[in-house]
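Hi,

Here is the structure I promised to pass on. Have a look at it first, and then read on for what turned up.

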Amino acid sequence: MLTPKLVIAGGNGFLGRHLRAHFERLGYRVVALGRGPGAGSDYAQWDARTPGPWAAALEGADLLVNLAGRTVDCRYTAANKHAILASRVDSTRVLGEAVAACARPPKVWLNSSTATIYAHTAGDRPANTEAAGVIGDDFSTGVAMAWEAALGARPTPGTRRVALRTAIVLGPDGGAFPVMARLARVGLCTPQGSGRQWVSWLHVADFCRAVEFLATQTEADGAFNLCAPNPVPNREFNGLLGRALRPLVRLPQPAWLLKIGAFFLRTETELILKSRKVYPQRLLDLGFQFEYPTCAAAVAELLNA
Ligand SMILES: NC(=O)c1ccc[n+]([C@@H]2O[C@H](COP(=O)([O-])OP(=O)(O)OC[C@H]3O[C@@H](n4cnc5c(N)ncnc54)[C@H](OP(=O)(O)O)[C@@H]3O)[C@@H](O)[C@H]2O)c1
């Protein structure tokens, strides 16, 4: 039997490393596309913007996952906004061109998007599903919409396409969680701002399992929310961290202080103050089962890891 092949664009980052390990355990050959120099049959160098020899890596792939994108953990200056948008749209556009030119195109293309595509959703308002969600009108939403538009920009007959509207992925060794845990250990495990804003999240193990699941669902295309079915208020999320880590002090985090802190840390408060209430309706309808459906279980697993 032929060894199945997965190509991960932007595969050297936090999610890419976890996906590689997950799919290698399943017996896949995994090839990463990255901008840095590298060697070997499991790596191809690209610039994430222009066609090149890297496109040969896509031939005969069973699955293509695009995770390329400049980090959003920065000040939203004009230059950073441009880089955030361009890195996502250009990489998706050039992958579309390469897929369309393949003699044996990837069977499935899962392209990253973000659950931040939905509007700030406060209080008791219903969680955003794929069918009934309210799309926002801020910078991050604009990026997500352009990202998904680039995925659909040109026909890819023979390649099924899915946009991954991924919530904050909680993992032990990358993304937001280690930072949150570090801050909680020194007392910053109190509600941030009002603490009423919703946090949509997903354990990294379930991110990998959802990617595997969507790869095998031959009818699945379009946008999927990748988040656990139980978003929690920020107050509750921080409470979980506080109870597990028991810092000696608990420091208040009003919104005005967070804004000053974000300025000095060269980041944006949107990342913690936007209310993200998202529901994985389509995954659940297809029968996907979460290993970590509750935030308490996910946090407990990560902090004991
Ligand atoms: N982690 C999360 O909680 C989360 C949630 C929702 C959505 N996402 C999205 O999922 C994707 C992967 O997330 P991650 O946490 O794995 O991020 P990451 O660790 O920062 O990895 C992103 C990858 O993108 C590539 N990259 C960085 N800057 C780039 C640029 N200017 N142009 C082209 N490629 C660039 C890097 O690859 P090279 O430097 O090797 O080229 C890197 O491996 C991102 O697009 C992110 O927005 C993540």
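To read what follows, take a salt bridge to be a side-chain nitrogen of Lys or Arg within 4 Å of a carboxyl oxygen of Asp or Glu. Keep in mind, too, that this is a predicted model.

With that in hand, a search of the whole structure turns up 10 salt bridges. One of them pairs Asp138 with Lys274, with 3.4 Å between the closest N and O atoms. Asp138 sits in the loop between β5 (108-112) and α3 (139-151), while Lys274 is in the loop between α8 and α9 (281-285), so this pair ties together parts that are 136 residues apart in sequence. The two partners look like this: Asp138 is partly exposed at 31% relative accessibility, whereas Lys274 is buried at 6%. There is also a network, in which salt bridges with shared partners join Arg20, Glu24 and Asp42.

Lys274 comes up again with Thr269. Leaving aside residues up to four places away in sequence, Thr269 touches Leu258, Lys259, Ala262 and Lys274. You'll find Thr269 in the loop between α7 and α8 (270-273), and it counts as buried, with 14% relative accessibility.

Arg75 pairs with Glu268, and their closest N and O atoms are 3.9 Å apart. Arg75 is in the loop between β4 (63-66) and α2 (78-101) and Glu268 in the one between α7 and α8, so the link ties together parts 193 residues apart in sequence. Glu268 is buried at 19% relative accessible area, and Arg75 is partly exposed at 21%.

Now to the surface. Trp256, Leu257, Ile260, Phe263 and Phe264 make up a nonpolar patch with about 580 Å² of accessible area together. Leu257 belongs to helix α7 (residues 255-264) and is partly exposed, at 37% relative accessible area.

At least two lining residues come from each of α1 (14-25), α5 (204-216) and α10 (295-304).

Cheers

Key. Residues numbered from 1 in each chain as written. Predicted model: local features only at pLDDT ≥ 70, side-chain atom pairs only at ≥ 80, totals over all residues. Heavy atoms only, no water. Patch = residues over 30% accessible without salt bridge, like charges linked within 9 Å, V, L, I, M, F, W, Y side chains within 5 Å. Areas by Shrake-Rupley, 256 points an atom, 1.4 Å probe, with all protein chains shown as cover. Helix = DSSP H or I, 4+ residues; strand = E, 2+ residues; numbered from the N terminus. Buried < 20%, exposed > 50% of the residue type's maximum accessible area, 1.4 Å probe, protein only. Contact = heavy atoms within 4.5 Å.
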